[in-house]
Amino acid sequence: MFEEVVVATDGSDCGMRAARVGVELAATYDASATVVVAADGELSTADARSIADDVSEIGAANQLTVRTRVLEDDPRSAIVETAVDADADVIAMGRHGHAGLRERFLGSVTERVLRSTDRPVLTVPEQGQGVGDYEDVLVTSDGSDAARAAIPAGASVATTYDATMHVLSVVDVAREAGPFNAGGVSEEYVDGLVAEATEELDAFAAACEEAAGDGALDPTRSVRTGSPSAEITAYVDDAGVDFVAMASRGEGSFAGQLLGSTTDRVLKQVDVPVLVVRPDE
């Protein structure tokens, strides 16, 4: 599944934690790895090279040779360019949760990379559980075909790490009901939405089993009602999930950046690695 991993870091605590996660993933999959550091003015070329060398040492500790790349460019461009040149299967990089208003408006480097690349991006929080050894992997579905883009990666991580796989669908009753929700909706209406979501999730789980092959997975299924991002976050806490895979379309518009998608909000709320996969257009 993962044969080429690009690790992006700026030498910060968050960035180096992401580097350790990315290197561990590459070592587990016996993949090749490249670390990219941008010498963008805030980091001198010498400092960037030193950071890249530090990641190489992390690789050596994991019996992995990590190629180094230092580019005099802005971080987003350096990361996206390296991913293309290396034909990366995944980009590993850090993220800060609970961002302030300014960061939500302007976007972090991670957010800009997510909106610029068609490669899966493994976003690693500044704090949280240990590196690797994932035991509970969650793949989310909203009932759309696009959501299935996360299945191959989620199934692969679950089987590779011998983890329990969870599949979750959240019914956003307020959104589904639309203008008819002004006076509330009936219990029967909600039950119908949940029944439909349950049927769709069964098909989603079957696709996960097929992706894993040979009966390797028997996903735990759950359907919840409420705000998707809030319910996904709650499920991560309730089930002890330590790795999330989910699909998300890039949103380049100002409105998209301001309002945020479900994935954007989940990235700011959970303290576990989240693999974001771009569906085929």
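Trainee: Helix α9, residues 228-239: what should its 12 residues span, and what do the end C-alpha atoms say?
Mentor: At 1.5 Å a residue, the 12 residues of α9 should span 16 Å, and the end C-alpha atoms are 16 Å apart, so the two agree. Keep in mind that this is a predicted model.

Trainee: Which residues of α9 are buried?
Mentor: They are Pro228, Ser229, Glu231, Ile232, Thr233, Tyr235 and Val236.

Trainee: And what covers them?
Mentor: The cover includes the strands β6 (136-141), β7 (164-171), β8 (220-225) and β9 (243-247), and also the helix α11 (262-269).

Trainee: Why would residues three or four places apart point the same way in a helix?
Mentor: An α-helix has 3.6 residues a turn, so residues at that spacing point the same way.

Trainee: What comes just after α9?
Mentor: Gly240, which takes a positive phi of about 65°.

Trainee: Let's zoom out. How many helices and strands does the chain have?
Mentor: There are 11 helices and 10 strands.

Trainee: What share of the residues is buried?
Mentor: Of the 281 residues of the chain, 50% count as buried. The accessible surface comes to about 13,100 Å², and 45% of that belongs to carbon and sulfur atoms.

Trainee: How do the contacts divide by distance along the sequence?
Mentor: Take the contacts between residues at least 6 apart in sequence: 78% of them join residues at least 24 apart.

Trainee: Now α3. What span should it have, and what does it have?
Mentor: At 1.5 Å a residue, its 12 residues should span 16 Å, and its end C-alpha atoms are 16 Å apart, which agrees.

Trainee: Which of its residues are buried, and what do they pack against?
Mentor: Ser77, Ala78, Ile79, Val80, Thr82, Ala83 and Ala86 are buried in α3. The buried residues of α3 pack against β1, β2, β3 (66-71), β4 and α5 (109-114).

Trainee: What follows α3?
Mentor: Asp87 follows α3, with a positive phi near 50°. Asp87 is not a glycine, and it is found in the loop between α3 (75-86) and β4 (90-95).

Trainee: Where does Asp30 sit, and what is its phi?
Mentor: Asp30 lies in the loop between α1 (13-28) and β2 (32-38). Its phi is near 55°, a positive value in a residue other than glycine.

Trainee: Is Asp30 buried or exposed?
Mentor: Exposed, because its relative accessibility is 72% and anything over 50% counts as exposed.

Trainee: What about Glu4, buried or exposed?
Mentor: Glu4 counts as buried, at 12% relative accessibility. Its place is in strand β1 (residues 4-8).

Trainee: What does the side chain of Glu4 make a polar contact with?
Mentor: With the side chain of Arg67, at 2.3 Å. Leaving out residues up to four places away in sequence, Glu4 touches a number of residues, among them Ala31, Thr34, Arg67, Asp87 and Val90.

Trainee: Val90 came up there. Where is it, and which residues does it touch?
Mentor: Val90 lies in strand β4. Beyond residues up to four places away in sequence, Val90 touches Phe2, Glu4, Val5, Val6, Leu25, Pro120, Leu122 and Leu275. Val90 is buried, with a relative accessible area of 0%.

Trainee: How far apart are the C-alpha atoms of Val90 and Glu3?
Mentor: They are separated by 8.8 Å, although the residues are 87 residues apart along the chain.

Trainee: Changing topic: how many aromatic pairs are there?
Mentor: The count comes to 3 aromatic pairs. In one of them, the rings of Tyr134 and Tyr161 have their centres 4.9 Å apart and their planes at 65°, so the pair is edge-to-face.

Trainee: Where in the chain are those two?
Mentor: Tyr134 is in the loop between β5 (121-125) and β6, and Tyr161 is in the loop between α6 (151-160) and β7. The pair links distant parts of the chain, 27 residues apart.

Trainee: Are they buried or exposed?
Mentor: Tyr134 counts as buried at 3% relative accessibility, and Tyr161 is buried at 12%. Tyr134, Tyr161 and Phe243 form one aromatic cluster.

Trainee: Last one: how many disulfides?
Mentor: The count comes to 0 disulfides. As for cysteines, Cys14 is buried, with a relative accessible area of 2%, and Cys208 is buried, with 0%.

Definitions and conventions:
Residues are numbered from 1 along each chain as its sequence is written. This is a predicted model: local features need pLDDT of at least 70, side-chain atom pairs count only at pLDDT 80 or more; totals for chains, interfaces and linings use all residues. Side-chain values use heavy atoms; hydrogens and water are left out. Helices (H or I, at least four residues) and strands (E, at least two) are DSSP runs, numbered from the N terminus. The expected span of a helix is 1.5 Å times one less than its number of residues. Buried means under 20% relative accessible area, exposed over 50%, partly exposed in between (1.4 Å probe, protein chains only). Contact means heavy atoms within 4.5 Å. A disulfide is a pair of cysteine sulfur atoms within 2.5 Å. Accessible areas come from the Shrake-Rupley method with a 1.4 Å probe; for residues, only the protein chains shown count as cover. A polar contact is a pair of N or O atoms within 3.5 Å; within protein, one must be able to donate a hydrogen and the other to accept it, and residues adjacent in sequence count only if both atoms are side-chain atoms. Rings of Phe, Tyr and Trp (its six-membered ring) pair if their centres lie within 6.5 Å; planes under 30 degrees apart count as stacked, over 60 as edge-to-face and the rest as tilted.
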